[in-house]
There are 2 protein chains.
Amino acid sequence: MIIAIDAMGGDHAPQEIIKGCMLALDEYQDISLILVGQQDVLEKELAKYKSCKNRMSIQNASDVITTHEAPVSGIRSKKDSSMVVGLEMVKVKKTQAFISAGSTGALMVGSLLKVGRIKGIDRPALASIIPTKKQGVLLLDVGANAECKSINLVQFAMMGSIYMNKVFERSNSKVGLVNIGEEEEKGNELVKSAYQAMKTASCNFIGNVEARDIFEGNADVLVCDGFTGNIILKLIEGLADTIFLMLKIEFMRNILSKLAAWILKPALRNFKKKMDYTEYGGAPFLGIDGCIIKAHGSSNANAIKNAIRQAQNFIKGNVNELISKEIIKLEDNKQ
Amino acid sequence: MIIAIDAMGGDHAPQEIIKGCMLALDEYQDISLILVGQQDVLEKELAKYKSCKNRMSIQNASDVITTHEAPVSGIRSKKDSSMVVGLEMVKVKKTQAFISAGSTGALMVGSLLKVGRIKGIDRPALASIIPTKKQGVLLLDVGANAECKSINLVQFAMMGSIYMNKVFERSNSKVGLVNIGEEEEKGNELVKSAYQAMKTASCNFIGNVEARDIFEGNADVLVCDGFTGNIILKLIEGLADTIFLMLKIEFMRNILSKLAAWILKPALRNFKKKMDYTEYGGAPFLGIDGCIIKAHGSSNANAIKNAIRQAQNFIKGNVNELISKEIIKLEDNKQ
C-alpha cells in the first residue's frame, strides 16, 4: 500500500512529518511512503535516519502553498507545490492516499479541482473526530460547505457511517443530527427538512442531538452544515485551551498549589491526551474520489503516524468503494 | 423600583428563588420585589424569614408552566400561571421587570404574546454572557430565532451594545460577528450580507470573530443567528461539565492525587466561579417592550440575586428607551 505525505505542510514541517513517517514505517509493515516536497531539504532531513529507507521515497515538488494565501489562487498558480503534486498523484493512482498538514482551504479546493468527487456525491465533507466521555464521535461537515441542503446532510450521514464502521470498527454506526432541541420540530429550516429525510434514509438515525449532549458520546456520527460544524470544532479547541490556561493560572498562585499541581501532572497529561483529537488521526475529506486526509496544522510526529494508520484503515476498509455503492442505492431510491 | 420574580420557575423553586430575593433586598436598598406564584406555598416559605418583608409582596398565581410542556400551549392555556401573570404585570406596568428561571421557550413566547416587541425591532433576541479569559462577552441571539436575516443581526448588534454599555458599563462596546473565518468573504450567505450591513451600521463593529477566539474576550458583544448561538451556549455548558467530570476521574485515581486535588480545591472553586455565567445574572430578552430576564433553570439564590441586580441596572440604564431611540435612527438611515 502506497501513501503520500505532504512533507512541507504544517507548523513543524518537514522535521515532525518525517519523524512521524519513520514511526509509521516501524509500526506498519505493509506500507510504503512517498514524501512530497523539496528534494534537497528532504534528503538532508532523511540523512538523519538510518532505517526504513527502502520503503520511503521522495517525489520532488519545488513550491509550497502557505496557510496565508488564498486557497484557489494557491492551487491554480503553484502547480509544482507539494500539495498540488500530491493531489495529482492521487488522481493518476500513483498513491492510494495523500495526507497534508498544510492549508485546509487549499487542500479542500485542490481535492475538488485535481481529484474530483465520487460520482453522485453533491458535496464532499471534511470530517473530524470529537473526543467525548465515551469514545470519539465523527462530526461532519466541519467546514467544506458553509451552506448546505438537506440532501447533503443525508449524504454526510451515509459517508460518515461507512467511515466509522470501517476505519473505527463501529458496528452499524448511530447517526445524530446536531440541533438546538431534541424534538422533531426544533431547529432551522435545514435541520427540520434533514430530520424528515434522515428518517427514511438507510442510516441508523437516532434523532436530534443537542450541542450540550455531544460529549455524552451516544452517537458515532453527527451531521450538520459546515458553518455549524466549523463553529463546534473551533469552539471546542478554543475552550479546551482556555480552560487549561485558566487552571494553570489558578494552580500557580502559591507554593502549595504548585506542588499539588506537580503531583497531578500525570493525571493532567492523561486527561489532555483524552481530549486531544490528533490521537484519532486527521480529518478525512469524505466524498472525494481518493483518500485525502487533513492532519492538524500543529501536528507532531505522533499525529502524523496516526494519520498514516488512518489512511491505511481507510484503504483496507474500501471506504470509497462502499460509498460509491451506497450512493447508487440512494439515487435508485429517489427515482 | 419594582421587580417581579417568577417564584415557581426553575429547579430550586421556590426556596432558592425566595432566598435570592432576600439577599437582593439586603444588598439593594431601592428595590421592592413581588413574588409571583401560589400564595399559600410562598407564605409558608416566607415565614422562615424575618426581615425585609415590607419591601416584599406576593402576587397570587395558581398555576405553573413546566419545562416539559409546549411553550405556546402552556402560555395560551395556563392563564393563571406564575409566568403569564408576571408578564401581564409587565404589560400593565405593575412591575418594571420580570425575572423567571422557568421554561425558556414559554418565557420567549409569552413575552412576545403578552408584552410585545419594541416598535421597529423585527426580532427580539435572547442574550447571554459568555465567560472569557478577560471579561464576559454578550452573545446574541442564543435561541429565540433559529432563522435570521441580516437586518436582525444588525439590530442585535445595536441592542447588545446598548445593553453592555449600560448594564456592564462598557464604553462604546466592540461588536464582533461570529464566523468561520476572519476574512470578509468567509461564511454562509447570512453572515456575508450581515458583514456588509454592519460596516455601515452605527455600532463599533470589529469584524468577524472565529469560534476559537471567542474566549480571548476581545469583543463586548458577539452576534449570530439563534441556531448558531444556541449551539455555542450549550456546547460551552456541555464541554465545561465534561472537562470537570473527566478531571475528577483522573484526580481520584490514587491517594496521592486525591490529596493533591484536595489542596487544589480552592483554586478549582475559583476557576469554576470564573466559568460560571450565572455570576453575570440571567439572559435578557432584548427587544421586548419591558425588562424580561431569563435566569438559568438551575439558578441558586446567588444567581437570582445577580439577576435582580441586572434588572436594576437595566432599568436604571434606560436600556429600552435607548433601543427605541436608536431603532428610529436605523429606520431613518434606511429611508
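In the predicted model, chain B is superposed on chain A by a rotation of 180 degrees with 0.0 Å of shift along its axis, at an RMSD of 0.0 Å. The two copies are therefore related as by a two-fold rotation axis. Both copies use the same surface, since 100% of the contact residues of chain B recur in chain A. Among the residues of chain B, B:Ala260 comes closest to the rotation axis, its C-alpha lying at 2.2 Å.

The contact between the chains draws 43 residues from chain B and 43 residues from chain A. On the side of chain B that touches chain A, at least two residues each are supplied by helix H8 (226-251), helix H9 (255-263) and helix H10 (265-275) of chain B. Of the elements on this side, H8(B) gives the most, with 18 residues. The composition by class of the side of chain B that touches chain A is 23 nonpolar, 9 polar and 11 charged residues.

Chain A is divided into domain 1, made up of 2-118 + 287-318, and domain 2, made up of 125-242 + 270-275. A distance of 27 Å separates the C-alpha centres of domain 1 and domain 2 of chain A. Contact between these domains involves 8 residues of domain 1 of chain A and 7 residues of domain 2 of chain A. Helix H5 (104-115) and helix H11 (301-316) of chain A each contribute at least two residues to the side of domain 1 that touches domain 2. The largest share of that side, 3 residues, comes from H11(A). By class, the side of domain 1 of chain A that touches domain 2 of chain A comprises 2 nonpolar, 5 polar and 1 charged residues.

B:Ala295 is found in the loop between strand S11 (291-294) and helix H11 (301-316) of chain B. When residues up to four places away in sequence are not counted, B:Ala295 touches B:Gly10, B:Ile99, B:Ser100, B:Ala101, B:Gly282, B:Ala303, B:Ile304 and B:Ala307. B:Thr228, by contrast, lies 20 Å from B:Ala295, C-alpha to C-alpha, and the two are 67 residues apart in sequence.

Note on methods:
Residues numbered from 1 in each chain as written. Chains lettered and ligands numbered in written order. Predicted model: local features only at pLDDT ≥ 70, side-chain atom pairs only at ≥ 80, totals over all residues. Contact = placed C-beta atoms within 7 Å. Helix = DSSP H or I, 4+ residues; strand = E, 2+ residues; numbered from the N terminus. Nonpolar A, V, L, I, M, F, W, Y, C, P; charged D, E, K, R; others polar. Domains from an automatic or database assignment. Least-squares fit on C-alpha atoms with pLDDT ≥ 70 in both.
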